[in-house]
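Please read it with the sequence and the structure side by side.

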Amino acid sequence: MADDILSIGGEKIGSRLFIGTGKFSDERMIKDVISASGAQVITVALRRVDAGVRGDNVLEYIPQGSILMTNTSGARNADEAVRIARIARAAGCGNWIKIEVINDNRYLLPDNLETLKAVEVLVKEGFIVLPYMNPDLVIGRRLLEAGAAAVMPLGSPIGSNRGLRTEEIVKIMARELKGSVIVDAGLGAPSDAARCMEMGCAAVLVNTAIAVSPDPANMARAFSEAVIAGRRAYIAGLAPSIETAEASSPLTGFLGEE
Amino acid sequence: MATPSLRGAAATKQSIKMTGFYEIYKRYDRSDIARAQAGFKEADIRSALAKDAISASDYLALLSASATPFLEDMARRSRDITLRNFGRAIQLYAPLYLSDHCDNECVYCGFKRTAAGKRRKLDPRQAGKEAEYIASLGIRHMLLLTGGSRKESPLEYIRDSVLAVKEHVPAVSLEIYPLETDEYRVMVEAGADGLTVYQETYDEELYDRVHLSGPKKDYLFRMDAPERAALAGMRAVNIGVLFGLGEAREDAFFMGRHAEYLQEKYPACEISVSVPRLRAGDSGSYRPRKVTDSDIVQIITAARLFLPRSGITVSTRETAEFRDNIVSLGVTRMSAGSVTAVGGYAVNKDKDLSYQFHVSDDRDISAVRKMLESKGYQAVFYDHVP
């Protein structure tokens with residue numbers, strides 16, 4: 001585990017739990033949540049960053065040393081996502097961008113095609129781009145080929161807290177797009193996060209389940225522990241499976257010459 | 001520019017051609033609705049409450065009298081759905097009245113054409129001043145309102161006011177007389193993020209009776225206004241009923257169906273609903289129907305189950321006590337510190353003013369914020385897509 005460090009966009013990242021900052025009853029809680037969970041990558045919606053007002057700004061609760069990942073929440077197409085990313089960088093929010101393009105307010109499911117277009121533009125402009133997407137292996141590959149630092153398929157629709165309902169596809173993506181899959185959205189319980197990690201996902205992003213919990217800091221810690229446990233299981237599961245194969249009696253040993 | 005009446009006539013034709021929600025509305029016979037509502041049994045309510053996504057018929061059941069014993073269950077479900085989708089956060093905004101000149105004679109409104117009192121209008125520079133003052137109180141989302149007079153508040157005037165207000169606040173929505181699609185585009189280009197337009201009542205006959213004269217008599221042109229705004233690219237469209245005019249359960253049903261229709265047809269537009277309630281003494285001598293607190297709670301929670309991701313707005317027409325109690329039941333947006341007169345915050349503060357309606361919750365913004373915090377909710381001032 002010690003040398004199992006996640007690396008994205010040239011940064012070594014200490015925690016595989018990423019945290020979203022929306023939906024909290026009090027933004028001051030975010031500080032405790034980050035500290036309890038040890039999360040290092042923190043997402044913030046630019047639409048909620050009021051650069052014009054001091055004292056009421058979510059950024060104030062994010063500790064130094066965190067990696068700020070601005071999301072493009074509110075973007076309805078690639079052009080709007082690109083514009084929001086540029087504004088975020090100009091406003092001093094850094095160059096990590098979570099692309100979120102949603103033009104269906106009934107289900108809040110992302111538009112993969114517009115997302116791909118936005119990734120193509122922003123990668124060329126030097127952003128570290130992490131697109132939120134509907135789980136799809138082919139689009140996942142295309143996004144990575146376009147230069148996305150990782151892809152973020154949803155576990156279930158945003159805010160549904162339903163857990164990993166897209167498991168079969170995410171599992172394939174985790175296997176094929178090695179180390180580049182971060183499950184985002186829908187994870188309702190720490191066990192969901194552990195499951196993602198056991199499958200080989202690189203990280204998970206959690207917001208609602210922590211934010212609306214009666215005890216967000218403790219819930220954040222629970223997610224963090226689940227992520228560590230799941231990752232440990234994934235790593236543990238790989239190595240012994242080779243040894244076991246060598247140690248076992250051949251299953252076809254009974255076959256003789258006929 | 002065409003005269004208001006010509007414009008109205010031409011627009012009616014366009015509305016009919018557009019058909020839109022009116023086709024759905026016409027499918028329902030009002031007596032059938034009443035009969036259906038009377039026929040719902042406990043099992044229908046339980047079945048609706050057990051579903052993940054409810055149908056229009058379930059929604060009608062939840063709005064019926066048979067659902068009233070289940071109000072607590074509805075409230076719990078509504079709270080849970082709202083928490084998941086919107087979190088522990090309530091957006092705050094304030095209304096900014098640009099003009100109270102009005103060509104309409106709506107029997108229930110303090111700004112109706114024949115209402116006594118001096119009419120006022122802010123010029124765009126004054127609108128900016130008013131906005132600057134409201135912004136100094138912390139509000140970052142303003143709803144600009146005008147009376148229904150195209151002559152006194154022409155398109156260019158509203159556009160210039162939007163531009164002036166945007167100098168001080170990022171998010172601006174409009175509550176103005178209905179426009180044509182191209183005119184809404186002008187507003188979108190000027191930076192308007194949202195449009196609020198209430199049908200007031202979906203009951204077509206009653207609508208005609210309470211809107212005695214003026215361009216607002218055109219029921220269809222108003223009904224299609226939200227759709228024209230969505231078509232014009234308005235980011236958010238908010239519809240509503242003025243409860244107290246028509247039969248509340250029926251009106252709530254059509255409001256929900258209208259929102260559903262719009263959201264399905266314009267998925268990129270954020271469709272939300274408002275549930276303002278007219279009370280006796282709000283404006284003049286009009287005697288509204290009685291709509292109880294429990295009716296409003298039923299309407300809010302049923303709407304939440306039917307439209308899980310739609311915003312729901314409650315204004316300062318409601319009392320502080322009632323607003324405090326419904327924070328967690330499904331509401332996502334509230335006005336705060338509202339003054340419902342032209343220039344009433346700063347520009348005309350010391351003058352004798354006419355108010356559109358009586359504000360029942362007169363707490364200032366910081367008091368509303370404190371109340372939300374005490375309930376475990378964050379007051380969101382800034383939520384604006386640049």
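In this predicted model, 19 residue pairs are in polar contact between chain B and chain A, counting pairs with both residues at pLDDT 80 or more. On the side of chain B that touches chain A, the elements giving two or more residues are helix 6 (71–86), helix 13 (248–265), helix 16 (365–374) and strand 9 (378–380) of chain B, and helix 6 gives the most, with 4 residues.

**Interface**

- The residues on the side of chain B that touches chain A comprise 11 nonpolar, 7 polar and 11 charged.
- Chain B contributes 29 residues to the contact and chain A contributes 36 residues, and the two chains bury about 2,700 Å² between them, with 44% of it on carbon and sulfur atoms.
- Of the area that chain B buries against chain A, 24% comes from B:Arg84, B:Arg309 and B:Pro386, more than from any other three residues.
- There are 5 salt bridges between chain B and chain A, and the side chains of A:Glu80 and B:Arg235 form a salt bridge at 3.3 Å, N to O.

**Largest pocket**

- The largest pocket holds about 750 Å³ of space and has a lining of 37 residues, with B:Leu137, B:Gly138, B:Ile365, B:Ser366 and B:Phe381 nearest its centre.
- Helix 16 of chain B gives the most to this lining, with 4 residues, and the lining has 15 nonpolar, 9 polar and 13 charged residues.

**Second largest pocket**

- The second largest pocket holds about 650 Å³ of space, and among its 26 lining residues A:Arg106, A:Tyr107, B:Ala53, B:Pro308 and B:Arg309 lie nearest its centre.
- Helix 6 of chain B gives the most to the lining of the second largest pocket, with 4 residues.

Methods
Residues are numbered from 1 along each chain as its sequence is written. Chains are lettered from A and ligands numbered from 1 in the order in which they are written. This is a predicted model: local features need pLDDT of at least 70, side-chain atom pairs count only at pLDDT 80 or more; totals for chains, interfaces and linings use all residues. Side-chain values use heavy atoms; hydrogens and water are left out. Contact means heavy atoms within 4.5 Å. Buried area is the accessible area (1.4 Å probe) that two parts lose on being put together, summed over both. A salt bridge is a side-chain nitrogen of Lys or Arg within 4 Å of a carboxyl oxygen of Asp or Glu. A polar contact is a pair of N or O atoms within 3.5 Å; within protein, one must be able to donate a hydrogen and the other to accept it, and residues adjacent in sequence count only if both atoms are side-chain atoms. Ala, Val, Leu, Ile, Met, Phe, Trp, Tyr, Cys and Pro count as nonpolar, Asp, Glu, Lys and Arg as charged, and the others, Gly among them, as polar. On a 1 Å grid over the protein atoms alone, a cavity is a set of points where a 1.4 Å probe fits but cannot get out, and a pocket is an open set with protein on both sides within 12 Å along at least five of seven lines; lining residues have an atom within 4 Å of a point. Grid points are joined across faces, edges and corners, and a volume is the space filled by probe spheres set on the points.
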